Amino acid sequence: MSLVEQVKQAGVIGAGGAGFPTHIKLAAHVEYFLVNGAECEPLMHKDRELMTHFAADIIASIKLARQCVGAKQAVIGIKSKNKEALAAINNAIDDPAISIHEFGDYYPVGDEVELVYGITGRHIPPQGLPLDVGCVVNNVETVYNIYRANQNLPVTDTFITITGLVKKPVTTRVPVGMTVQDVLQLAGSPTIAEYGIMESGLMMGKLVTDLQKPVNKTSGGLIVLPADHPVITRYSKTRQQMDRIGHSACDQCSFCTELCPRYLLGYDIQPHQVMRSLGFSVMGPELWNKYALLCCQCGICSLYACPEMLYPREACARGIQELRAAGKGTWQGSREVKTHPMHDSRRLPLKQLMNRLGVAGYDAHAEYTETNVQPEIVHICLHQNVGAPAEAVVSVNDRVTKGQLVGRIPEGKLSANVHASITGRVTAIKDNMLIIERGK
Ligand code: SF4
Ligand code: SF4
C-alpha cells in the first residue's frame, strides 16, 4: 500500500488546528516538504515536547514523506529557544536532504504563510496554498501520525498540553473523544474554583463552554485561567457587544493594521478599514469588508495592538462571513505581494505578547509524560476535518476495539476516516457524534 493510501486509511488530518486531510497533501508533487515545529501560541508546549521525545520517529516520517511528494528538501522550522527539541531533532537527522530552520521567539512565526516565507522567502499568493509556491507544510504531530500510519496504526490519540492554573502542568497524549473534564484530571485538576478554559491556545483557540466537550485530533492544549481573567472575559463577549463597543470607541488610529503580521508580509489586509463596517460610515459594510479577506485570525490586532481593546479580528471574521454569504469571498485585488519595509522591526516577541495578555506568570514547563489514561467513555466526532463528515460504519450496540474504523470517507468527498479510540460498546450515534463506553 502506498504511503498516501496508508495515511488515508489511518485518518490522519492536520493536527496543528486546521484539520485538512493529510492524504491530499501527500499526493502533491513539490519542491519543499516543510515541517511546522515553530509553535508560537503562548503557554503551549505540545510540539516542543513531541520533538524532544519522538525525534527519531519524526525524522523517519519526514524521510518517507519527502520521497512521497518528490521534494528535494525537507526543512523543519523550530524556535531557537527550544534547545532540547533542537538537539533531539539534530541528533536524529541522518539525511542531508533534511535540515532545520531556526526561528526567533515571535508570534505568529508558526502561521503557515509566515513559515513558508521564513524558510523559502516565497510569498503564498493571496488566498493561495503552499502548493502554489512548491511547498507542503505539516505540523510535527501530523508528521508523527504519518509515521504511525506507515506502521498501519490509525490516529486514536491526540497530544495535548494541560497548563495554567492546574496542580501539575503536563504534556501528554489522550484518546480522541475524551471529555475536557477528564483530560483536566491528568494535570491534577484546576487549583481554583472559578475558572475558564481556553482550548488550543489563547490567540487562536476557543473558550470551552462545556466541560463535557470532547477533545479531538486537532486539539493541542487546555489552558486554565481565572474566570475573571481579561482573556476569558473577552472571549465571553457576544458579537453584538463587540460590535457595539467597536462602533462607539474605534478612533481609526490604525495600530491594528500597522502591527498586523499579514499586512507586514505585504498582503492587503487592513483591519482598521474593516472596523468602518460597524456602521460609522455611510458607504455600507461591503466596501470595508474586502479589507478582511486575507485575515488569518491570528488575533494580534484584537489581543495586542488595539489600545482600546476592541475587536478588529472579530470584525474581520464577520466581514469574511458576509462576503462569502454574498458570493463575494474570492480575492479580486492584486496578486503581487511585497514585504513591508517594517516587517522585521515590527515583529512581536512572544514575551511581550504574554505580558500584554497578563499570562507571563502562568508559563510552566509542562514536560511530556505518558499517562496511559483509559477513559470509561469517549465522544468521537465524525467531523474533525476540513470537508465533509465521515459516515458511521458501526451501529448502536456494536462492540468495537481500539483502532477499529468507525467512520469512513463518503464516496467522492474530501473527508477523513475516524477510528475507535477505546475498546467498548457504541452506545449512541447522533449529530455526527459517536459515543463509546468501555464497561458496557
Ligand atoms: S487599533 Fe483599535 S482603535 Fe485603532 S483603528 Fe484599530 S480597532 Fe480602531
Ligand atoms: S487577526 Fe488581525 S492581526 Fe491577525 S491577520 Fe487578521 S487582521 Fe491581521
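**View 1. Gln 127 sits in the loop between α6 and β5 (135–139).** The model shown here and in every other view is predicted. Gln 127 is not a glycine, yet its phi is positive, at about 60 degrees. Its relative accessible area is 40%. Gln 127 is therefore partly exposed, as that value falls between the 20% and 50% limits.

View 2. Leaving out residues up to four places away in sequence, Arg 122 touches Glu 31, Tyr 32, Val 116, Tyr 117, Val 133 and Gly 134. Asp 132 is ten residues from Arg 122 along the chain, and their C-alpha atoms are separated by 9.9 Å.

**View 3. Val 116 is a buried residue of helix α6.** Its relative accessible area is 0%. Neighbours within four places in sequence are set aside for the contact list of Val 116. The list then holds Leu 34, Gly 121, Arg 122, Ile 124, Pro 130, Val 133, Cys 135 and Val 137. Asp 132 lies 16 residues from Val 116 along the chain, with 11 Å between the two C-alpha atoms.

**View 4. A cis peptide bond joins Tyr 107 to Pro 108.** Omega is near -5 degrees. Pro 108 belongs to the loop between β4 (106–107) and α6 (112–120).

**View 5. The largest nonpolar core has 39 residues.** Leu 26, Phe 33, Ile 58, Ile 59, Ile 62, Ile 76 and Ile 89 touch the most other members. Seven elements are drawn for this view. Helices α1 (3–10), α3 (46–53), α4 (55–69), α5 (83–92) and α7 (140–150) each give two or more residues to this core, as do strands β1 (32–37) and β2 (73–79). The most comes from α4, with six residues. A second, separate core holds 38 residues, including Tyr 32, Ala 38, Val 137 and Leu 278.

**View 6. Ile 62 is one of the core residues that touch the most other members.** With residues up to four places away in sequence not counted, Ile 62 touches Phe 33, Val 35, Ala 74, Ile 76, Ile 98 and Val 143.

**View 7. Helix α3 is mostly covered.** Of its eight residues, seven are buried. These are Lys 46, Asp 47, Arg 48, Glu 49, Leu 50, Met 51 and Thr 52.

**View 8. Ligand 1 has 14 residues around it.** Cys 250, Cys 253, Ser 254, Cys 256 and Cys 306 come nearest. Helices α11 (255–258) and α13 (271–275) are the elements that give two or more residues to this shell. By class, the shell around ligand 1 holds nine nonpolar, three polar and two charged residues.

**View 9. Ligand 2 also has 14 residues around it.** The nearest are Cys 260, Cys 295, Cys 298, Gly 299 and Cys 301. At least two residues of the shell come from each of α12 (261–265), α15 (300–305) and α16 (312–325). By class, the shell around ligand 2 holds ten nonpolar, two polar and two charged residues.

View 10. Across the whole structure, a search finds zero disulfides. Cys 296 counts as buried because its relative accessibility is 17%, under the 20% limit. Cys 381 also counts as buried, at 18%.

**View 11. Asn 432 lies in the loop between β17 (424–430) and β18 (433–437).** Phi of Asn 432 is near 60 degrees, a positive value in a residue other than glycine. At 34% relative accessibility, Asn 432 counts as partly exposed.

**View 12. The chain is assigned three stretches: domain 1 (3–150), domain 2 (239–357) and domain 3 (376–440).** The C-alpha centres of domain 2 and domain 3 are 38 Å apart.

Terms used:
Residues are numbered from 1 along each chain as its sequence is written. Chains are lettered from A and ligands numbered from 1 in the order in which they are written. This is a predicted model: local features need pLDDT of at least 70, side-chain atom pairs count only at pLDDT 80 or more; totals for chains, interfaces and linings use all residues. Side-chain values use heavy atoms; hydrogens and water are left out. A disulfide is a pair of cysteine sulfur atoms within 2.5 Å. Buried means under 20% relative accessible area, exposed over 50%, partly exposed in between (1.4 Å probe, protein chains only). A residue is near a molecule or strand if one of its heavy atoms lies within 4 Å of it. Helices (H or I, at least four residues) and strands (E, at least two) are DSSP runs, numbered from the N terminus. Ala, Val, Leu, Ile, Met, Phe, Trp, Tyr, Cys and Pro count as nonpolar, Asp, Glu, Lys and Arg as charged, and the others, Gly among them, as polar. Domain bounds come from an automatic or database domain assignment. A nonpolar core is a set of buried Ala, Val, Leu, Ile, Met, Phe, Trp, Tyr and Cys residues joined through side-chain atoms within 4.5 Å. Contact means heavy atoms within 4.5 Å.
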